[in-house]
Amino acid sequence: MTRQCKTAILISGSGSNLQAFIDAVNCGDLDLKISVVFSNNPDAYGLRRAEDAGIATACIQHSDYLDRESFDNAVIAELDRFEPDLLILAGFMRILSPAFVQHYAGKILNIHPALLPMYPGLNTHQRVLDSGDKWHGSTVHFVTEELDAGPRILQGRIATIEGETADELQQRVQSIEHQIYPQAANWVGSGRVRFLNGDVWIDGECAGEPEVLTF
């Protein structure tokens with residue numbers, strides 16, 4: 001019997017994506033072991049979600065450190081106590097240092113609310129509406145040193161609706177994220193998806209493009 005993929009989930013706020021992972025594990029849809037939920041914010045509601053689910057928590061405040069590198073080194077030391085096979089960034093509002101990314105190379109996943117490589121950065125929903133795009137969605141990708149530029153694993157997309165607001169579009173995209181993020185993580189945890197030489201490999205083949213699900 002193969003060992004479950006030990007997973008650390010990093011949050012800064014309410015933890016809605018974290019809750020999607022917890023629910024997927026409880027329903028038997030996700031074959032990961034959530035070993036720890038880490039936050040840089042002691043008031044993050046996601047820490048309470050983790051505690052209610054019986055998951056270990058850890059918190060280190062970035063404001064206690066002089067620079068990003070020293071904070072990241074402290075986070076590495078804390079996370080390594082749990083020996084994670086996979087790190088899930090679920091609303092973790094910190095830009096990771098190169099040393100952090102290198103330490104966990106090929107083991108960090110992020111989800112970005114856009115169909116990357118379109119619209120990296122912030123305010124993606126309004127930018128999509130302003131551009132009149134037909135499709136919008138979210139992308140699960142491996143994390144590399146370049147922000148929002150790591151190789152893509154899975155995208156979920158929805159058709160935009162004429163006249164909807166950015167907040168309404170954001171809510172619809174978030175509902176997709178809660179489905180595709182655990183699914184992509186499960187693929188990585190099971191070994192179906194791998195990070196190799198800077199590329200995503202799916203089922204033993206180098207994938208130039210991500211899998212795409214239309215909702």
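A residue is taken as buried when its relative accessible area is under 20%, as exposed when the value is over 50%, and as partly exposed in between. By this definition, strand 7 (residues 152-159) of the present structure, which is a predicted model, is mostly covered, since 6 of its 8 residues are buried. Strand 7 pairs with strand 6 (residues 135-142), to which it is joined by 7 bridges in an antiparallel arrangement, and within this pairing His 136 stands opposite Ile 158 in strand 7. Strand 7 also pairs with strand 11 (residues 211-214), here in the parallel sense and over 4 bridges, with Arg 157 standing opposite Thr 214 in strand 11.

A further set of strands forms an open sheet of 3 strands, whose order is 8-9-10 and whose pairing is antiparallel. The edges of this sheet are strand 8 (193-196) and strand 10 (205-207), each of which pairs on one side only. When direction is ignored, neighbouring strands of the sheet are turned against each other by 40° on average. Between strand 9 (residues 199-202) and strand 10, which run antiparallel, there are 3 bridges, and Ile 202 is found opposite Glu 205 in strand 10.

Asp 203 forms a salt bridge with Arg 192, in which the closest N and O atoms are 2.9 Å apart. This pair links distant parts of the chain, as Asp 203 belongs to the loop between strand 9 and strand 10, whereas Arg 192 belongs to the loop between helix 6 and strand 8, 11 residues apart. Arg 192 has a relative accessible area of 29% and is therefore classed as partly exposed.

In total, 5 salt bridges are counted in the model. Among them is the contact between the side chains of Glu 83 and Lys 6, with a distance of 3.1 Å from N to O. Here, too, distant parts of the chain are brought together, 77 residues apart: Glu 83 lies in the loop between helix 3 (68-80) and strand 4 (86-89), and Lys 6 lies in strand 1 (residues 5-11). The two partners fall into separate accessibility classes, because Glu 83, at 52% relative accessibility, counts as exposed, while Lys 6, with a relative accessible area of 18%, is buried. Another of the salt bridges joins the side chains of Glu 78 and Arg 81, at 2.7 Å from N to O, and Arg 81 counts as exposed because its relative accessibility is 56%.

The largest pocket has a volume of about 1,100 Å³. It is lined by 38 residues, of which Gly 91, Met 93, Asn 110, Ile 111 and Pro 113 are the closest to its centre. The elements that contribute two or more residues to this lining are helix 1 (16-26), strand 5 (108-112), helix 5 (124-131) and helix 6 (166-190), and helix 6 gives the most, with 7 residues. When the lining of the largest pocket is divided by class, 14 residues are nonpolar, 18 are polar and 6 are charged.

Methods. Residues are numbered from 1 along each chain as its sequence is written. This is a predicted model: local features need pLDDT of at least 70, side-chain atom pairs count only at pLDDT 80 or more; totals for chains, interfaces and linings use all residues. Side-chain values use heavy atoms; hydrogens and water are left out. On a 1 Å grid over the protein atoms alone, a cavity is a set of points where a 1.4 Å probe fits but cannot get out, and a pocket is an open set with protein on both sides within 12 Å along at least five of seven lines; lining residues have an atom within 4 Å of a point. Grid points are joined across faces, edges and corners, and a volume is the space filled by probe spheres set on the points. Ala, Val, Leu, Ile, Met, Phe, Trp, Tyr, Cys and Pro count as nonpolar, Asp, Glu, Lys and Arg as charged, and the others, Gly among them, as polar. Two strands pair if DSSP finds at least two bridges between them. Axes are lines fitted to C-alpha atoms, for helices over the stretch in contact, and angles run from 0 to 180 degrees between N-to-C directions. A salt bridge is a side-chain nitrogen of Lys or Arg within 4 Å of a carboxyl oxygen of Asp or Glu. Buried means under 20% relative accessible area, exposed over 50%, partly exposed in between (1.4 Å probe, protein chains only).
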